[in-house]
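Dear colleague,

I am handing over the structure shown below, together with a summary of what was found in it. Please read the summary with the structure open beside you.

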Amino acid sequence: MRVYLAEFIGAMMLVGIGTGVVVFVGTQAGPLPIALAFGLALAAGIYAVGGISGGHFNPAVSLAMAINKRLSWTDFIGYIAAQFLGAIAGSGIIAGFFAAFGAKQDAIQQIGFGQTVYQAPVSFWGATLIEVFLTFVFILVIVMVTSNKYSAGNMTPLIIGLTLSALIMLGISATGASLNPARSFGPALLSMFYGSSQALSQMGVYLIGPFVGGALAAFVAKFLGSEEA
C-alpha cells in the first residue's frame, strides 16, 4: 500500500501544482510558467517518493514499465487506480482554493480546472496523433534514463521533469499537452461537476494518445537496449 500511496501523492502533486498554475496564473503569462510548474512538480514528486514506487504518476508510464516487465500487470492496475485517484484529489485541491477565494459557480465554470481540450482546426485524430508523439518522446526518455544500462543517476528526476516542460511548451497550444490520462481525467471530472462537459467528452484523445505513445516508447526503448543488464 505504500507504493500505491506514493503514486497517489505524486499524481496529486503533479495535477494540483500544474493545473493550479494554469488556473491561477493563467495562459496569458505564456506557456513557460505552466510548463515549468508541471515539470518541477514531477521532478519534486520523483525525488520525494520515487524511491518507493518508481515515481510514475502517469498511467502511460506504468503501461510502458509493465510492457517491459519492470512492473507486474497486477501492480499496473493498482498503480493506475492510485494515479487516477491522485489526479482527482489534485483537482479537488483546486476546488478547495476556489472555495477559499469565495468563487461562484459561474466564475469557476468560466475559469475551469486546467483541463486539456482541443479546438478546431485540430481534429480528433490530429489531436490524438499529437498526444501519441509527445507521449512517445516523453516516455522514451523516461524508460532510457531509468534503465540500468543508461541510467542518468541522481539527475534522472530533473531530466524527466525538464523533458515534460519542453514537450508541454511544444504541444500546449494544440491539445493542452496532457501526455497523461490521469492528468486529463481529474480536471475533466471536476469541471463536469461545475457544468462544463467538453473536456470529459474529449477524453478519448487523452486516453488513446498517451497509451499508444507509451506502448510504442516501451518497444523502441527495449530495441535500443533499455532492458539490458
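Rings of Phe, Tyr and Trp are taken as an aromatic pair if their centres lie within 6.5 Å, and a pair whose planes are over 60 degrees apart counts as edge-to-face. Please note that this is a predicted model.

Aromatic pairs

Tyr4 is partly exposed, at a relative accessible area of 23%, whereas Tyr79 is buried, at 5%.

Phe84 and Phe185 also form an edge-to-face pair, with centres 5.5 Å apart and 75 degrees between the planes. Phe84 lies in helix α4 and Phe185 in helix α8 (residues 181-193), so parts 101 residues apart in sequence are tied together by this pair. Phe185 is partly exposed, its relative accessible area being 23%.

The nonpolar core

The largest nonpolar core has 45 residues, and those touching the most other members are Phe38, Leu42, Phe138, Ile139, Ile160, Leu164 and Leu179. Among the elements that give two or more residues to this core are α1, α2 (31-53), α4 (73-101) and α7 (156-175). The largest share, eight residues, is supplied by α6. Leaving aside neighbours within four places in sequence, Leu42 is in contact with Leu14, Phe57, Phe138, Ile160, Gly161 and Leu164.

Val22

Val22 is situated in helix α1 (residues 2-24). With a relative accessible area of 19%, Val22 is buried, because buried means under 20%. Beyond its neighbours within four places in sequence, Val22 has contacts with Thr27, Ile34, Phe38 and Gly114.

The surface

A nonpolar patch on the surface consists of Leu32, Leu36, Leu40, Tyr47, Met155, Leu158, Ile159, Leu162 and Met169, which together have about 780 Å² of accessible area. Both α2 and α7 supply at least two residues of this patch. Met155 is located in the loop between α6 and α7, and its relative accessibility of 45% makes Met155 partly exposed.

Yours sincerely

Terms used: Residues are numbered from 1 along each chain as its sequence is written. This is a predicted model: local features need pLDDT of at least 70, side-chain atom pairs count only at pLDDT 80 or more; totals for chains, interfaces and linings use all residues. Side-chain values use heavy atoms; hydrogens and water are left out. Helices (H or I, at least four residues) and strands (E, at least two) are DSSP runs, numbered from the N terminus. Buried means under 20% relative accessible area, exposed over 50%, partly exposed in between (1.4 Å probe, protein chains only). Contact means heavy atoms within 4.5 Å. A nonpolar core is a set of buried Ala, Val, Leu, Ile, Met, Phe, Trp, Tyr and Cys residues joined through side-chain atoms within 4.5 Å. Patches are made of residues with over 30% relative accessible area and no salt bridge: like charges are joined within 9 Å, nonpolar side chains (Val, Leu, Ile, Met, Phe, Trp, Tyr) within 5 Å. Accessible areas come from the Shrake-Rupley method with a 1.4 Å probe; for residues, only the protein chains shown count as cover. A salt bridge is a side-chain nitrogen of Lys or Arg within 4 Å of a carboxyl oxygen of Asp or Glu. Rings of Phe, Tyr and Trp (its six-membered ring) pair if their centres lie within 6.5 Å; planes under 30 degrees apart count as stacked, over 60 as edge-to-face and the rest as tilted.
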